[in-house]
Amino acid sequence: MQSGPKEQLNVLVVDDEENIRLAVDRIVRRLDCGVLHARNGEQALETLQKQEVAVVLLDLKMPGMDGMEVHRRIREAGYNVQVIIITGYATIETAIEAMKQGAFDFIPKPFDKEHLRLVVDRALNTIRLERDRFRLEKERRRALLDLDTEKSRIRTILESLPNGVIVTNTEGSVVLMNQTARQILDKKEDDIGCEIGECLEDGELCELIRSQSREAQQDDISYELQLGGGHFYMVRTNPVLGENGECLGSVVVFGDISDLKEMDRLKSEFVAKVSHELRSPLSTIHEQMALVLQDMLEQEQPEKEQRILSRAKEKTKGMLSLIEDLLDLSRVEAGSAYTEVQRVDLREMLNSQVDFFRDRAVEKDQELSFEASGEEQPIVEADPRALESVLSNLIGNAVKYTPEQGRIAVRLGPVQDGQVRVEVEDNGIGIEEKEQSRIFERFYRSKNKQTRNISGTGLGLPIVKGILDDMGGSISLRSQYGQGSTFVVQLPVASGS
Ligand code: ADP
């Protein structure tokens, strides 16, 4: 247990006879220690007060304060020293008594050099070991204290976070849950250790956390969680990785987005109200303009006026379609748009939608085709108007964003794992990679040379996405700028189809 070079320790020789002190000095000094002398008990106690001493060689019989008394006072003062009694045969019993009271050993006079050196050496080593042990204990205590402070600091920070934090292990059991998380989930501190499914009722989120805890997914996962009382949380899970990159569990953070959700709802409500109020006067203006324009045509009025009125009519038409889209989107978001769910023959609906856009494609000299794999007639459970809205937005966009003489192919894939795939492919203007995820945002429209003269509202794809989310479907996009785009829709088929 020794560390570093041997520490120089002091031995105090207490004897009234100088020749004995000198003899002891000569023998002991060879043990690589300092030697101090005291002629009597008083001097010995004085030295002990002033200097660091490890071993006291103490003669029992001295004039004045005798050895036993010195020994008693050393013990009382609590000095960390080993006392070796030097004694003549006459006082051996007293020496034994001193040992009972804690002296290290005794050496009878006249002493044997080797014996004396051996005993002193043992006493010095005992002191060294004791001091080492004391130093290590002190270091250990300090380390523990630091560790405790660090731990409690982290705990305090974690407990006062405004976000809920849960940590799971690889089995998906909760190993840590801070106060906010306990409040959100209405749990107590002793719920720690339970499986995540016992803390959270949302099965889909539990599955995400379990799989993230077992093996690290490539990206962190975000999930919108709705709890009772109109509370919404954005839940993010990140893997906890070990030193070698192995997955040790997952950190799940709950951020309260209830206020944002409420603001969003109020905004949508406002937009819906305004749109609703604007729709009928605008429709009237549009219809009346159409009538006036018709009259002008019949009465062969000057072409300039006709052009002005026709442009104004086009603008009101654009405004009307924006209002229709806004109303449609707010109804989709409120979940009140398409509630008449029926069994819809997807193949039939695609056929009629492709037919509906045929004239527009012919106008642009485009080739518009529809192909279905096999003879399957997949049935989808949906409000037919919602499904029509999805398909017409996608086919309409393909026609709109493909130049003249382009090709548009609508394909119905086979049913696989309870899902059916619809692809709308065009060889039109394509979408830049950086814009591909943004086109599903409200009002987002690509701004470039090709789109400059194409009118639109930027609301079609958010409507499509909203409807598909509601139906348990999904949409993805493959596109290359300047080459064309393919929108891929996955829909769950109705059972028994
Ligand atoms: P809108 O067509 O009314 O602008 P959408 O929400 O339907 O709104 O589409 C958003 C944007 O996505 C469009 O403005 C366009 O830039 C891009 N986009 C959509 N479909 C296509 C397509 N088939 N080819 C190229 N760009 C497209």
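**View 1. Surroundings of Gln306 in the predicted model**. Beyond its neighbours within four places in sequence, Gln306 is in contact with Leu293, Met296, Leu297 and Gln301. Gln306 belongs to helix α10, which covers residues 303-334. Because its relative accessible area is 15%, under the 20% limit, Gln306 counts as buried.

**View 2. Packing of helix α1 against helix α5**. The axes of α1 (residues 18-29) and α5 (residues 113-159) are 9 Å apart and form an angle of about 60°. The crossing of α1 past α5 is right-handed. On the α1 side, Val24, Ile27 and Val28 make the contact, while α5 contributes Lys113, Leu116, Arg117 and Val120. Sorted by class, the contact of α1 with α5 comprises 5 nonpolar and 2 charged residues, with no polar residues.

**View 3. The open sheet of 5 strands**. The strands follow the order β2-β1-β3-β4-β5 and pair in parallel. Because β2 (34-38) and β5 (105-108) each have a single partner strand, they stand at the edges, and one side of each lacks a neighbour in the sheet. On average, neighbouring strands of this sheet are turned by 20° against each other, direction ignored. Strand β4 (residues 82-87) runs parallel to β5 and is joined to β5 by 4 bridges. Thr87 is placed opposite Pro108 of β5.

**View 4. Helices lying across the strands**. Helix α3 (residues 67-77) lies across β3 (55-59) and β4, and runs at about 155° to β3. Helix α5 lies across β1 (10-14), β3, β4 and β5, and its direction is at about 165° to β4.

**View 5. Domain arrangement of the chain**. The chain is divided into domain 1 (10-135), domain 2 (162-256), domain 3 (261-334) and domain 4 (342-492). Between the C-alpha centres of domain 2 and domain 4 there are 37 Å.

Terms used
Residues numbered from 1 in each chain as written. Predicted model: local features only at pLDDT ≥ 70, side-chain atom pairs only at ≥ 80, totals over all residues. Heavy atoms only, no water. Domains from an automatic or database assignment. Axes fitted to C-alpha atoms, helices over the stretch in contact; angles between N-to-C directions. Helix = DSSP H or I, 4+ residues; strand = E, 2+ residues; numbered from the N terminus. Left-handed = near helix turned anticlockwise from the far one by under 90°. Contact = heavy atoms within 4.5 Å. Nonpolar A, V, L, I, M, F, W, Y, C, P; charged D, E, K, R; others polar. Buried < 20%, exposed > 50% of the residue type's maximum accessible area, 1.4 Å probe, protein only. Pairing = 2+ DSSP bridges.
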